[in-house]
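Visitor: I would like to go through this entry by question and answer.

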Amino acid sequence: MRQLTVTEYRSTASDLLYLSSPNTTDIPPGNPVRGYTTNAASAFIDMSNVDKYQSVGNALADRAVKESYAKLVTCQTQDTACATTFVQQFGQRAFRRPVAADEQTRYLGLFDPAVSGGDFKTGVSLVIQTMLISPHFLMRSELGSDVGNGKFVLTPFEIASGLSYAYWGTMPDDALFASAQSGALSNKTEIEAQARRLLADPRGRAGIATFAGEWLEASRAYVATKDPATFPALKDADTAAGIVAAMRGEEDAFFTGVAFDSTKKWNELFSADYTYVNDTLASYYGLPLPGSGESFTKVPLGAGSPRGGLLTLGSFLFGHARADQSSPTQRGHMIRANMFCADVPPPPPGVDVTIKPGTAGSTGREQIQALTGSGTCAGCHNLMNPIGFGLEGFDGAAQWRTMDHGEMIDASGAINDLTPTPITFNGSKELSNVIASSKDAQACLAANFYRYVRGFDPVQTGSPDEANAVQKLEQAFVTNNLDLPELFVQVALQDSFTARRSVETLNR
Amino acid sequence: MKKLQRRGILRGLAATALAAPLMQAFRMHLGRAAAPVAVPKVVFFYTPCGVEPPMWHPTQTGKTFTLPRLSAPLQPFASDCIFMDGISMVPLNDHQGGSQQMLAGDEKDVTTLDVALGDFLKSAPPPFKSLELGVQSLISKGGSVAAPHPHFTRISLSHEIFAEDNPLAAFSSVFGNGTPAVTGNSADAIKAQMLLSAQRKSVLDIATADLNALSSRLPNSEKNKIASYTDAVRQLELRLADPASTSNSAMCTDLSAFNPTHFTVPQVGDFRQSTYEQTAGQATVADLQMDIARLALACGRTRVVTLLYGHTNAHNPIEGLGTFGAHDSSHFFAPPNMNAGQATPAQMDAKLTAWRNYREWYAQRVAQFITAMKSTPDPDVPGTTLFDNTIILHTSELGDGAPHKTDRIPYVFIGGANLGFKLGQAINFTNAVPAYSGGAHSGLRYMSHSPLLTIVAQKMGMFNPGDPIVRTTPSGPVSGPFWGFNGPQALDPMSLGIV
């Protein structure tokens, strides 16, 4: 069972109840694992949130009965037949599968005058309220049908949800439901056709942007406190919030721009000589104002610009930095872990991180090198810091700089321990090239998308089926010339998208 | 904030056959039918990232002691407190260990004490088994996949219970039940209320039937997930079926004084952008969460509160007192002008100054909570205050914060005079009790914090003195003389001079 994320809940409530901007503020955020809100094992409905699901659901039900009644209840008779039709039709959309006979009986009980007070609309509201806290709404099933030998195959309705949440982050639309109803979704050809249709829809862009944001840990920018003495431009909290929001917008626009509008290829994620800005961000970056107000416009960065590509996106550089300076460690860690899928061991328990007096050096690079570049820290920090050094041209607030504490920036770096000899580079452009041409990094994107869609870390399961599926996806990405939309489609075409094993479920 | 009137409902329900036994049961539970007896309550009051121990712990022990700068805001309440030095958490000795062990003892994968107390109280349940409230705790949770800093409150390591950071959501959950109350005590109003009760019950019964049917199809691992979901729905049903389980006193029926500054929480795309997670909102959120904690205890909504100021990686500064985040500042204190580290001397001083200011601010919040608790009558026992019957345990996940060590945690027992706490003293356990020592703890003999958790469990009535202390783990119950670390030698928590 996969619990809806808060974002999925909101989108699903909007689609299910035909409501714009449903208010879901009171639903507590989930517990992301490595940035992924879709992580199934860490999501719970429990004492900490059940009454919020209930109160938010009740308010949504009230609103739906007032604003969407005609869409929700298609019959006029206000009798048992109409109630039955409503429970069946609405229930199928809420549960994302046909309502079983016993469920129908249960839910029809809400139209009993002893409960509804004899008011049909109250009965409708109660059905909505109840379904919105039912596990069949708040969680989506991947239980499948038992095909023997501990193997299960997802039902067409489960596949429909699998597709709609993978690409749209919301419930299936009518076309997907129809495809599930006909049984066509048991067929890979139909799954592929639907996957392509969903991706081509504007909601597909939004869904992919959600993935990219989680992969790149973009939300860290929201909580990255900056010291106003070091960064006077961020002194005003509202101004700073506007800039961070613009950086998030830049990232969404850039990733989806590459994936949907431009070459659609992996390399462009790292080689782009343009970015997307609104007036706020253009001003912050020192670029000509596009005059587009709050909307994002693709702007050329010009030859020789240090910016371009994922590594120089504001949200990444800003969110992976300290309050008063850059952080080669945080940046290097993120690149190593999320772009190369190579983990770094945690610092040993009880490590003394007190800053010792007399640390040598004046630039941030020199100081961090003096602190962690030798001795017990070096073993792990040499896996991170030298990668992050490549981005030293960008300060802790994502601004380009050529000097740090009065000295010229040294942005030479290395990627250690991934290849027989270290890969060296100088600056963000060269680092970008290294990542773009790395087979490991290409495979890592595929593994990350797989993880996001499936809601668990395939490596952690220890399942050969999962390892095999990820490997096939990685190969398909390469075979398809590193085409991003093709990667997104291929995840649904792996056998593992529709097949389950009981042991795998247990290990989830 | 919408004015909530509960009195009408309570009066109305009291007149009905349905509600009468519930009211009676509730009153008996509170001891109203017999002589008033203190109903013990507890607040785990967490402030983040440790302290500079010499600037928190008094140098004197005994009844007369002067509190240093960081704890000085509590000096006016010295006679209400037990300051305790020489306490550590074992075996892990950093943010990660501290967050694992703070409410669990050293058995990190155990149901934490706050949840366990709530489960224990199931036999005579308040509406909320326990209440977890946070001040920007969600954005402050540190750690990584490789080195997680688990949330302090947990059912198990794989099932963390997150504090509610949104005070308005917490308030409506604790006092509003999410459904507008029917007011008045006319026959129609009672009928309307009865119908509402029937509807709420039906809704939850059907959801429960869905859960049960689903559970029967699931493998065991997934069954656990549905079990906590089902239990939560059942607790919700109990609450909704028994609105009388709120005290009828005026402060509980007219809650219009809540949120005097009209703090709002507009909807945003990412919760990290919410007003309640912003630096500018921190002080107001703190006021509101403390008010919710106090009212929830006073009005019988819960007996166990965990109140978290941030978490292990408290990002935000405290407005007006510094510009660096609390966690960031906590690791950068050093004597002024020490030319060191990643920061310039000026920045170093700025962080040190900020951190000391923040620490004073946290202590001022504790003092504010004490004042509020002292001025709140305990409806259970006429003539006493909430403060007299509530154990407040101030803690952090670290002791000596700068080097990430759990040594010399700022533990303070506050209040609970009617429960037998020997208030008004400072105790130093360093080298004074047969307790843990080891290289990671500077070679000194610090007492584990487990005896303190054990005292709380005993005083809440969870165990009788002398009985084994039983904890729940994913692989079954474990038991021993402590809530957590068993210690190298026998140590009777009840003979430490605390109670």
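This is a predicted model: local features need pLDDT of at least 70, side-chain atom pairs count only at pLDDT 80 or more; totals for chains, interfaces and linings use all residues.

Visitor: In the open sheet of 3 strands in chain A, which are the edge strands?
Guide: The strand order is β3-β4-β11 of chain A, with antiparallel pairing. An edge strand pairs on one side only. The edge strands of chain A are therefore β3 (145–148) and β11 (499–501).

Visitor: Which residue of β11(A) is the bridge partner of A:K151?
Guide: Strand β4 (residues 151–153) of chain A is joined to β11(A) by 3 bridges, and the two run antiparallel. In β11(A), A:K151 has as its bridge partner A:R501.

Visitor: Which helix gives the most to the side of chain A that touches chain B?
Guide: The contact takes 70 residues from chain A and 77 residues from chain B. On the side of chain A, helices that each supply at least two residues include α7 (120–133), α18 (364–372) and α2 (50–67). The residues of that side divide into 34 nonpolar, 24 polar and 12 charged. With 6 residues, the helix that gives the most is α2(A).

Visitor: What percentage of the residues in chain B is buried?
Guide: Chain B has 13 helices and 14 strands. Among its contacts between residues at least 6 apart in sequence, 72% join residues at least 24 apart. Of the 499 residues in chain B, the buried share is 57%.

Methods. Residues are numbered from 1 along each chain as its sequence is written. Chains are lettered from A and ligands numbered from 1 in the order in which they are written. Helices (H or I, at least four residues) and strands (E, at least two) are DSSP runs, numbered from the N terminus. Two residues are in contact if their C-beta atoms, placed from the backbone, lie within 7 Å. Ala, Val, Leu, Ile, Met, Phe, Trp, Tyr, Cys and Pro count as nonpolar, Asp, Glu, Lys and Arg as charged, and the others, Gly among them, as polar. A residue is buried if 20 or more other C-beta atoms lie within 10 Å of its own, exposed if 12 or fewer, and partly exposed in between; C-beta atoms are placed from the backbone.
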